[in-house]
Amino acid sequence: MAPPPPSPSMAPPGLIHSDPGLIDTCALPQPPAAVTAAAGTASMSSPAAETPSAIQICRIMRPDDANVAGNVHGGTILKMIEEAGAIISTRHCNSQNGERCVAALARVERTDFLSPMCIGEVAHVSAEITYTSKHSVEVQVNVMSENILTGTKKLTNKATLWYVPLSLKNVDKVLEVPPVVYSRQEQEEEGRKRYEAQKLERMETKWRNGDIVQPALNPEPNTVSYSQSSLIHLVGPSDCTLHGFVHGGVTMKLMDEVAGIVAARHCKTNIVTASVDAINFHDKIRKGYVITISGRMTFTSNKSMEIEVLVDADPVVDNSQKRYRAASAFFTYVSLSQEGRSLPVPQLVPETEDEKKRFEEGKGRYLQMKAKRQGQAEPQA
């Protein structure tokens, strides 16, 4: 169990604040677990050798973090997950002497929302580097919620994120990542397999980048067109890093908001994020760009809805670059009663050939994940 955060006056030298305006947010270095940062030629007393391979961010959940149902917004949790990943990966990529860089989010693996988090609870977001390739860093993140009145803790989220280091001198230049030292050889082999798998999946998503969500006139209920939604957002300074690019967590929160609107329009009830399939970030989004986040229903089971979300960036003040696909993902939502119980979902009615094809693809993903969950549960029986 992580120790409680110290008061500001007692803050140790390793304490950093992910947001200077939040006195209840902290990133505490944790003792290395599976891997440790490689020291290279640095001595053990150098800053590079002391870079931790794990950190924890803590923050109390406030009323403005709530969704319509009164629990913490799924997008808020995704944003905290990305902040922790960005801190630890940027630290690691700058742990050795060389060209300075910032770690940019490239991909988020499937993330399940295991339990709701309530307003007034404390979120403990722990991040650990578990693998590095030549140009990327894998970060594992766990989110625990703590009831500060009873001390009860529960696991709410688990996620895997991939970052790439971009040079501060030229953000289009990807730098090499300092290696990590593994306690067991199997950890490196398993990490390499995960790296190759996500690399292949990223390549497979690129063919969808030409897809666009077209509006329809007078759509019928339960059709794709009836619930599809879009949000247009002008990227401002508060959305960006110090280097003028949108935080991955900001993009994910906007994507979750649009997916939630689609789900609510379809079932007309309270809804909650159940999981997020892999989010792929295809290109950076700069300050001043206009982004369009579009969502459409692709598949429904008896009690869940799959929504595809596409993010397009438009450099409105830059005539040299055209509109492009910046990110894409699939979100899964469930319908809830006023008492918080799961409800049946109205079945989606695909109309066009493309909609029918996407429905079958979504069904395949659903059955694959269902079989995986059943396979994981069998040994525990």
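**Entry 1: the chain overall**

I started with how the chain folds back on itself: residues 24 or more positions apart account for 74% of the contacts with a separation of 6 or more, a contact being heavy atoms within 4.5 Å. This is a predicted model, where local features need pLDDT of at least 70 and side-chain atom pairs count only at pLDDT 80 or more, while totals for chains, interfaces and linings use all residues. Residues are numbered from 1 along each chain as its sequence is written, and side-chain values use heavy atoms, with hydrogens and water left out.

I then looked up the elements and found five helices and 16 strands (DSSP runs, H or I of at least four residues for helices and E of at least two for strands, numbered from the N terminus). Of the 381 residues, 48% are buried; buried means under 20% relative accessible area, exposed over 50%, and partly exposed in between, with a 1.4 Å probe and protein chains only.

**Entry 2: confidence**

I checked pLDDT, the predictor's confidence in each residue from 0 to 100. The chain's mean is 84, and 83% of its residues reach 70 or more. I noted that pLDDT stays under 50 over residues 1-28 and again over residues 30-51.

**Entry 3: the core**

I looked for the largest nonpolar core and got 74 residues (a set of buried Ala, Val, Leu, Ile, Met, Phe, Trp, Tyr and Cys residues joined through side-chain atoms within 4.5 Å). Those with the most contacts inside it include Met-255, Ile-285 and Ile-307. Leaving out residues up to four places away in sequence, I saw Ile-307 touch Ala-259, Val-262, Gly-295 and Phe-331, among others.

**Entry 4: salt bridges**

I counted 16 salt bridges, each a side-chain nitrogen of Lys or Arg within 4 Å of a carboxyl oxygen of Asp or Glu.

Arg-194 pairs with Glu-138, their closest N and O atoms being 2.7 Å apart. This one links helix H2 to strand E7 (residues 137-146), with the partners 56 residues apart. I found Arg-194 partly exposed at 31%, but Glu-138 buried at 1% relative accessibility.

Next I took Lys-284 and Asp-172, which meet at 3.2 Å, N to O. Lys-284 lies in the loop between strand E12 (279-281) and E13, and Asp-172 in the loop between strand E8 (153-167) and strand E9 (180-182), so the pair ties together parts 112 residues apart in sequence. Here Lys-284 is partly exposed at 22% and Asp-172 exposed at 55%.

Arg-325 and Asp-312 meet at 2.5 Å, N to O. Arg-325 is in strand E15 (residues 324-336) and Asp-312 in strand E14, 13 residues apart. I have both down as buried: Arg-325 has a relative accessible area of 9%, and Asp-312 comes to 7%.

I also found Arg-107, Glu-109 and Glu-201 linked in a network of salt bridges.

**Entry 5: loops and a helix residue**

Most residues other than glycine have a negative phi, and I wanted the exceptions. Asn-222 has a positive phi of about 70 degrees and sits in the loop between helix H2 (185-205) and helix H3 (224-227). Lys-268 has a phi near 60 degrees; I placed it in the loop between helix H4 (248-267) and strand E11 (270-276), where it is exposed at 57%.

Last, I looked at Lys-79 in helix H1 (residues 74-93). Its C-alpha atom is 8.7 Å from that of His-247, 168 residues away along the chain.
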